[in-house]
Amino acid sequence: MISMTINGKVVKAEKGEMLLKVTRREGIDIPALCHHDAVEPFGGCRLCMVEITKADWDGWKNYVTACLYPAEDGLIIQTHSAKVNELRKGVLDLLAARCPNSPEIRELAAEYGVPQTTLEEVPDADNCIMCGLCTRVCERLGFKAISTVGRGHSKQVAPPLNEAPPDCVGCISCAQVCPTNVIPYKDINGKRTIWEKQFELIACKECGKHTITTDFADALCERRAIPRDYFDVCDDCRRKELSLKMGSIVAWSREGTS
Amino acid sequence: MNHDLSKLSAIYDRYPRKPQSLIAVLQDIQKEYNFLPCEALKQTAEELNVPLSKVFSVSTFYNAFSLVPKGEKVIRICVGTTCHIRGAKQIQEQLEDELKIKAGQTTEDLQFSLEVVACVGACAMAPVVAVNERYHGNVTVGSCKKLLKKGKKG
Amino acid sequence: MKQRLYVKPELCTGCRTCELACSFTNTVDGKPRRSRIYPLPAGYPDMYVPVVCLHCDDPACAKSCLVDAITRNEETGGMELDQDKCVRCMACIAACPFGCALLDTQYDQVVKCDLCGGDPVCARFCPTKALECRPAVLTTRKKLAGSSS
Amino acid sequence: MRIENAGQLEQYRRECQARLDKQTRRLLVCCGPGCLANGSQAVSDAFKKVLRNRKIKGFKVEALKETGCHGFCEQGPLVVIEPEGIFYTRVKPAHAEKILEETIAKNKVIDKLLFRDHNNGQPITCYRDIPFYSRQQRIALRNIGQINQCDIDEYIATGGYSGMAKALTQMTPKQVIDEVTASGLRGRGGGGFPAGRKWKTAASAEDTPHYVICNGDEGDPGAFMDRAIMEGDPHSVIEGMIIAAYAVGAHEGYIYVREEYPLAVVNLQKAIEQATEYGLLGENIIGTDFTLELNISRGGGAFVCGESSALMRSVAGEVGEPRAKYVRSVLKGLYDKPTVLNNVESYACVPAIIDKGGKWFASIGTKKSTGTKAFSLVGKVRNTGLIEVPMGTTLREIIYDIGGGIQNDRPFKAVQTGGPSGGCLPEAKLDLPVDFDTLTEAGSMMGSGGMIVLDDQTCVVDLAKYFLAFLVDESCGKCVPCREGLHQLYGMAVAVSEGRATEETLEKMERLSEVVAVGSLCGLGKSGPNPFLSTVKYFRDEYLAHINDKKCPAGVCRELIRFEVIEDKCDGCMACVAACASNAITGQKKEPHVIDQELCNKCGACRTVCRRDAILVL
């Protein structure tokens with residue numbers, strides 16, 4: 001255990017754990033759009049920048065992303081100093097220009113004093129902030145179906161060759177983790193469409209409720225050795241099944257004892 | 001478009017079949033075919049055991065790769081700092097005018113591709129134009145016409 | 001000490017106190033629909049079964065989680081879901097043979113019983129002791145086999 | 001042939017030297033990039049053709065050598081005759097026969113091919129007497145232009161691989177590191193990190209294996225020092241890498257070469273093969289138990305791959321996105337293993353340091369920046385080319401004494417150093433000594449060594465716009481400040497250059513620059529605003545002229561200028577009429593021409609071709 005000072009308060013932490021984890025544990029709200037615990041820290045959105053210094057740094061201060069800076073003994077951290085807020089405001093101004101129509105970005109930007117971007121709005125912009133969470137989560141899940149394409153300002157997220165991605169199983173995790181909800185998918189009539197690829201959803205044998213896609217279930221069975229019939233029935237019916245089964249056991253034992 | 005993909009296996013044989021070889025393999029494919037055919041990307045993904053998405057990501061990240069066919073002669077206008085201040089822009093406009101394409105494009109007959117390149121490292125001779133791998137220094141608006149004529153002949 | 005939640009349907013009156021206790025403890029708004037425990041009719045008159053995660057020895061939920069967000073808390077023995085790690089692919093919900101990983105539709109979150117960190121409120125509030133939490137008695141197959149020989 | 005021990009290497013060296021000494025006359029044809037672009041290959045071929053047909057007394061065809069960049073690119077193609085150092089400039093294939101017959105056979109110097117002093121017009125026979133050369137001190141470039149770029153024997157003859165032999169047979173790895181530390185060698189790629197300290201950290205890292213990497217991804221536009229070294233003296237890089245690998249305990253190394261440098265790849269590959277054949281590389285180098293395998297990794301054409309973590313990802317066959325620097329790549333670099341990454345020029349200095357000692361190196365240059373530094377001196381300077389000077393030489397000495405001042409005697413405006421990460425320094429800063437720290441303090445940086453001289457016809461707004469466009473193109477797109485911020489800055493710079501901006505735009509640019517500089521993930525973004533910030537600091541007036549007066553004082557920004565013919569000066573030569581791509585100039589021979597403002601696209605081609613300075617920019 002080491003100790004650091006965050007916003008004037010002494011805080012204990014494990015050496016090497018990332019500052020963002022510590023601040024979150026302490027209940028300090030630092031915006032971070034490209035961070036997700038399921039994947040490695042990335043440092044792309046730069047919103048979680050904090051000011052750090054140490055007693056022996058002669059007043060020198062550094063600005064680092066909390067998601068990617070390991071805790072060290074004696075660090076003195078300011079998460080919302082004037083300069084930090086100014087930097088965050090600058091980054092949010094840039095994001096607001098990039099995604100002028102994203103409610104998530106507008107809300108956060110307004111919170112930091114940017115009700116409207118002061119910069120030139122990017123024409124024909126979608127709401128993607130290029131945090132790459134979708135691609136990183138997809139990689140973490142092991143499907144690696146989508147990736148970033150190109151570089152710089154015209155970088156995008158896309159399936160390979162801009163065709164329906166062969167490795168996608170339709171788990172929609174990419175859409176789920178997207179901070180600006182920009183990846184569209186549709187579940188209609190037992191069919192799921194995402195990345196312009198169509199998938200069959202499993203229908204519960206009992207009630208017909210749709211759960212995950214057949215491709216996803218097959219992948220799980222193959223990779224994690226789960227029996228395929230686990231996916232035949234939906235969770236509602238499974239609970240009912242369980243209660244009835246237990247009921248009959250109790251009834252049987254009652255009969256047996258009486 | 002169908003391409004003769006028979007030369008691919010020879011390229012794969014040059015490198016260990018590992019993901020690390022990806023860039024080198026793609027460079028050789030680019031050199032062989034003048035671009036990266038879709039089918040070649042798919043085959044590369046399989047041969048090197050790299051996800052197709054990563055092959056696509058890499059092949060769009062680096063300047064060296066093109067997913068559309070390039071011309072037989074690639075004219076690269078150096079727009080390095082020195083060339084820029086010595087008038088590379090004029091040369092670019094002149095060539096765009098002559099070839100009736102913009103930088104980054106290829107003529108319809110696939111004879112010429114026009115590209116700009118950040119710096120070819122021959123700054124003392126700025127402005128520089130390279131036709132395939134041959135450099136031409138101190139290019140002027142007049143001399144680039146000659147260059148094209150020479151290029152058209154062969 | 002590993003805890004186990006023991007369910008005795010024969011004592012359950014279907015009063016739904018457990019559901020309320022769970023909701024109030026584990027959700028912000030305390031709506032019973034957000035509970036991780038469901039007393040369901042057991043198919044016999046006046047018989048109910050509080051259906052709750054069994055924290056299986058070989059849990060399908062954890063196996064199906066490709067980002068390893070569901071792990072066992074070695075202290076309590078409970079299978080816990082790390083909300084920050086969850087990518088909401090819903091694999092665990094589909095995979096659990098007892099339907100005990102749940103979707104909180106209001107917050108679009110996957111939720112499941114985590115034994116309240118070792119002292120489950122449902123058991124604490126159960127008026128009839130139909131739910132009881134006590135240290136697990138180890139009765140693995142190996143042990144049974146050992147004692148029979 | 002395999003060299004089995006250090007003694008054998010020494011003996012072989014004597015043999016090579018003797019062979020060289022027999023060539024009483026050596027004819028060196030510069031085949032550096034500049035001279036090649038001017039047709040030096042044809043010159044060399046012409047010599048070969050003549051020699052095939054005729055015997056020249058006392059001269060063998062082996063003594064004709066194609067060398068790397070001799071440096072004075074401005075005067076190329078260059079031909080040097082050693083040992084006298086007779087220096088022929090602007091040689092054409094047609095001169096080959098005459099040079100062989102007159103100079104080689106009869107010892108007669110051909111006057112009209114000699115370099116002439118700018119000031120008095122006097123011809124200078126030997127290149128060592130030309131100020132461009134006499135003011136230099138060459139360590140990293142010691143062999144370039146002096147030896148056949150592809151012949152290991154010549155490298156050995158000039159003392160090559162003796163530093164390596166000394167390190168491997170007489171020194172412990174620790175002693176090697178101490179020597180490099182004592183030399184004070186700092187990273188030549190621009191970072192300026194002390195090489196000794198880097199090696200020490202890597203050497204003491206417990207994780208294995210260790211790697212050495214050479215950064216040959218010279219991406220700064222306007223810089224070609226590394227290219228010259230890789231093409232012209234590849235063995236010096238290899239020798240430096242072997243020494244580094246020995247010091248840090250690495251057995252595998254990579255040379256990452258920019259894809260725009262195909263010749264560098266070829267020459268390095270040849271050099272690796274030769275060295276391996278001689279037993280100077282590969283298993284059991286010169287009979288010791290030290291082994292090193294070197295591979296060439298061709299870059300894919302991405303400026304950001306000059307950044308160490310991006311480069312390492314690229315070597316591993318991935319997208320070249322940098323990663324945050326809290327884990328130092330020296331501990332977790334290539335494949336997350338301890339990795340020493342140095343620049344081409346740094347490695348090229350290492351053999352000399354081991355050979356002559358760290359103290360010797362530290363005695364050159366300044367206290368904090370030791371040794372020499374290679375620069376590509378280009379732009380509007382008279383003597384363009386490749387130079388190497390001791391650290392601490394002032395900008396004025398470089399530009400005026402070596403560079404010979406500004407082309408066509410125009411006024412000096414600024415010098416741009418450090419490429420897209422650096423900045424522009426005005427005349428007032430000309431007396432600054434060139435070293436790592438001084439230039440950074442002045443708002444620019446030394447960078448890898450590009451030095452671009454600007455005259456009054458260069459617009460700083462246009463230059464800032466140029467660099468921003470370059471960086472927008474080259475940003476990897478990973479982090480927001482760099483990807484979005486540079487794009488916005490570029491948009492505003494365009495607005496300034498087109499006269500659409502206000503003073504508020506300028507303030508907004510300065511504020512945004514701060515966000516980009518502090519907020520970006522890697523060096524590309526962090527230093528990205530420098531070209532803008534340094535020009536707005538030193539040339540604010542010029543920005544204000546664009547904004548308030550809607551004028552471009554340098555006559556570059558098209559939206560703000562107009563070309564007109566000065567009737568009195570125009571002699572009606574038709575040159576501009578021919579040059580105008582948009583047919584905007586009309587006129588008869590020997591009568592003043594007229595520019596149609598409607599048709600004119602303001603490219604400035606007419607101004608470039610006009611010999612009488614008759615085109616006026618308003």
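Author: What follows starts with chain A and then moves to the chains around it.

The model is a predicted one, in which local features need pLDDT of at least 70 and side-chain atom pairs count only at pLDDT 80 or more, while totals for chains, interfaces and linings use all residues. Residues are numbered from 1 along each chain as its sequence is written, chains are lettered from A and ligands numbered from 1 in the order in which they are written, and side-chain values use heavy atoms, with hydrogens and water left out.

Chain A holds seven helices and eleven strands, where helices (H or I, at least four residues) and strands (E, at least two) are DSSP runs numbered from the N terminus. The radius of gyration of chain A is 24 Å, well over the 18 Å that the globule rule gives for 258 residues, so chain A is more spread out than a compact globule; this radius is taken over C-alpha atoms, and the rule is 2.2 Å times the number of residues to the power 0.38. Along the principal axes, the C-alpha atoms of chain A fill a box of roughly 80 × 55 × 30 Å. Of its 258 residues, 57% count as buried, where buried means under 20% relative accessible area, exposed over 50%, and partly exposed in between (1.4 Å probe, protein chains only).

The contacts of chain A, meaning heavy atoms within 4.5 Å, can be sorted by separation: among those between residues at least 6 apart in sequence, 51% join residues at least 24 apart. Chain A exposes about 11,900 Å², of which carbon and sulfur atoms supply 49%; accessible areas come from the Shrake-Rupley method with a 1.4 Å probe, and for residues only the protein chains shown count as cover. Its side chains include 33 positive and 36 negative ones, and the centres of the two sets lie 3 Å apart. Here Lys and Arg count as positive and Asp and Glu as negative, with His and the chain ends not counted, and the place of a charge is taken as NZ of Lys, CZ of Arg, CG of Asp or CD of Glu.

One residue of chain A deserves a separate look, namely I172(A), which lies in the loop between β7 (156-158) and α5 (173-177). Its phi is near 55°, a positive value in a residue other than glycine, and at 4% relative accessibility I172(A) counts as buried.

F216(A) leads from chain A into chain C: leaving aside neighbours within four places in sequence, F216(A) is in contact with F143(A), V169(A) and C171(A), and also with L66(C), C89(C) and A91(C).

Chain C has five helices and eight strands. The radius of gyration of chain C is 16 Å, close to the 15 Å that the globule rule gives for 149 residues, so chain C is as compact as a globular protein of that length. Its C-alpha trace spans about 55 × 40 × 30 Å along the principal axes, and 48% of its 149 residues count as buried. Residues 24 or more positions apart account for 57% of the contacts in chain C with a separation of 6 or more, and chain C exposes about 7,500 Å², with carbon and sulfur atoms supplying 54% of it. R88(C), in the loop between β5 (79-81) and α3 (91-95) of chain C, has a positive phi of about 55° although it is not a glycine.

As for the remaining pairings, chain B and chain C do not touch, their nearest C-alpha atoms being 18 Å apart, and chain C and chain D do not touch either, with nearest C-alpha atoms 22 Å apart. Of the four pairs of chains in contact, chains B and D share the most contacts.
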